[in-house]
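Work through these exercises with the model open beside you. Try each task before you read its solution.

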Amino acid sequence: MTVSPVSAPYRGAPGTASALLLENIHPLAVDVLGRAGVSVQQRPGALSESELMEALPGVKLLGIRSTTHVTEKVLDAAPDLEAIGAFCIGTNQIDLEAAAARGVAVFNAPFSNTRSVVELVISEVIALTRQLTVFDSALHAGVWQKSAAGSHEVRGRTLGIIGYGNIGSQLSVVAEALGMRVVFYDTAEKLAMGNAVRLSSMEEVLTVADAVTLHVDGRAGNGGLFGAEQFAAMKPGAIFLNLSRGFVVDHGALRDHLVSGHLAGAAVDVFASEPRRNGDPFDSRLRGLPNTILTPHVGGSTEEAQEDIGRFVAGKLRDYAAHGSTSLAVNLPQVITDAGHGTRLGHLHQNVPGVLATVNSVLAQHGVNIVGQSLTTRGQLGYVVTDVASTLDSGVLDALAAMPETVRLRVLS
Ligand SMILES: NC(=O)c1ccc[n+]([C@@H]2O[C@H](COP(=O)([O-])OP(=O)(O)OC[C@H]3O[C@@H](n4cnc5c(N)ncnc54)[C@H](O)[C@@H]3O)[C@@H](O)[C@H]2O)c1
């Protein structure tokens, strides 16, 4: 990460903050921010790079979901921006390093829709294993077609989970409750839940699983993780699910294995390129295939999850705006604070020796008494929150802003 000093003293009270929420974020987010005195504008769809650059001047808090991309160019055009709330789990639609280097905090909702994704996966594993879409389409087409051939109970079958994080591990528990055997592979060491068995490679999972489901994160290295070779390694008659990220899977290869009959079915919720707005056209090489469930990235889209995400992420934005808390920020050092008493300074700086000493010496030189202080560092950045007994004059703020290590200085009261 390249951290360049961007001195931007902030003297406004949280009540003067303005927020822009895109992509149909739950109304609870507006309530949470509104009750904290933040003025909120909402827009239903995502914005393109140029639309975002035009909309952001004057905006301190931005709320997006997975479709809006916040690039370095967008951040350069948003000098007032202090924090971005990703009202979803993934944050790879945001240039996190560029945001950190400009002192823009990024928050997400790592757990709010975990259960919703798990329930959709379970329903799809059962639907595909019982060929429900095939029976359903036949009857809708006016054809009575009753058969037990190729339909199975899920009890006793093996679920292979690739990526055993929040979703993968919760899925493991629910699948075992249905009587499934669970095997998994994760690049990181993970505690196996219940009777689940950790295997030493993805390939090992593919050779034993009757259903393979991907729950890896969106790191760049996962691009093309699952292609012709991996589909070929799956058991004949197995089913495949991807509710993680679209770019992880080669849909051409998946199509080939569904058309040849090697795989018995698939459920896909995420696509490498997804339409931006409801009503936009959609195309995929997977359209029209039998026993293939396609859903428009709705794994985490339940009213329960959206409400929880709305409350959770808006709370993070409010707490950062109001009292500088970076609890669960994905790109800044985490300092967990409650409401302060008196005046509070949030100083984000380059993590080099002596910065804290300089901050304290500047305050001492101006006769400012420190009543509380908390510092955390992360990589190239340090963040110190300081409560002081007196109001601060422009001399002390200018001196702190002028420090060569200062990335961003915020004054909160
Ligand atoms: N479809 C939806 O609506 C929806 C909703 C929520 C989350 N998601 C996506 O689901 C995925 C999982 O979410 P989560 O909250 O469980 O994330 P998480 O970060 O808790 O877990 C991801 C796990 O994958 C592992 N992993 C990463 N790369 C791997 C690889 N190549 N092989 C094996 N393991 C690997 C990581 O070590 C981690 O344990 C994310 O991509 C997220 O964006 C989709």
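A salt bridge is a side-chain nitrogen of Lys or Arg within 4 Å of a carboxyl oxygen of Asp or Glu. This is a predicted model, where local features need pLDDT of at least 70, side-chain atom pairs count only at pLDDT 80 or more, and totals for chains, interfaces and linings use all residues. Residues are numbered from 1 along each chain as its sequence is written, and side-chain values use heavy atoms, with hydrogens and water left out.

**Exercise 1.** Find how many salt bridges cross the interface of domain 1 and domain 2.

Step 1. Get the bounds. The assignment, which is automatic or from a database, gives domain 1 (15–108 + 302–331), domain 2 (113–294) and domain 3 (333–412).

Step 2. Apply the rule. One salt bridge turns up across the interface of domain 1 and domain 2.

Step 3. Check a pair. Glu 51 and Arg 277 form a salt bridge, with their closest N and O atoms 3.9 Å apart.

**Exercise 2.** Describe the interface of domain 1 and domain 2 by contacts and buried area.

Step 1. Count contacts (heavy atoms within 4.5 Å). Here 11 residues of domain 1 touch 10 residues of domain 2.

Step 2. Take the area. The size of an interface is often given as the accessible area lost when the parts come together. Buried area uses a 1.4 Å probe and is summed over both parts. Domain 1 and domain 2 bury about 880 Å², with 45% of it on carbon and sulfur atoms.

Step 3. Name the main contributors. On the domain 1 side, Thr 67, Ile 89 and Asn 92 supply 42% of the area buried against domain 2, more than any other three residues.

**Exercise 3.** Locate the largest cavity relative to the domains.

Step 1. Know the term. A cavity is a set of points on a 1 Å grid over the protein atoms alone where a 1.4 Å probe fits but cannot get out; lining residues have an atom within 4 Å of a point. Volume is the space filled by probe spheres set on the points, which are joined across faces, edges and corners.

Step 2. Read the volume. The largest cavity holds about 60 Å³.

Step 3. Read the lining. Among its residues are Gly 103, Tyr 320, Leu 348 and Arg 408. Strand 16 (406–412) gives the most, with three residues. Strands are DSSP runs of E, at least two residues long, numbered from the N terminus.

Step 4. Conclude. Domain 1 and domain 3 both give residues to the lining, so the largest cavity lies between them.

Conventions
1 Å grid on protein atoms, 1.4 Å probe; cavity = no way out; pocket = protein on both sides within 12 Å on 5 of 7 lines; lining within 4 Å. Helix = DSSP H or I, 4+ residues; strand = E, 2+ residues; numbered from the N terminus. Buried area = accessible area lost by both parts, 1.4 Å probe.
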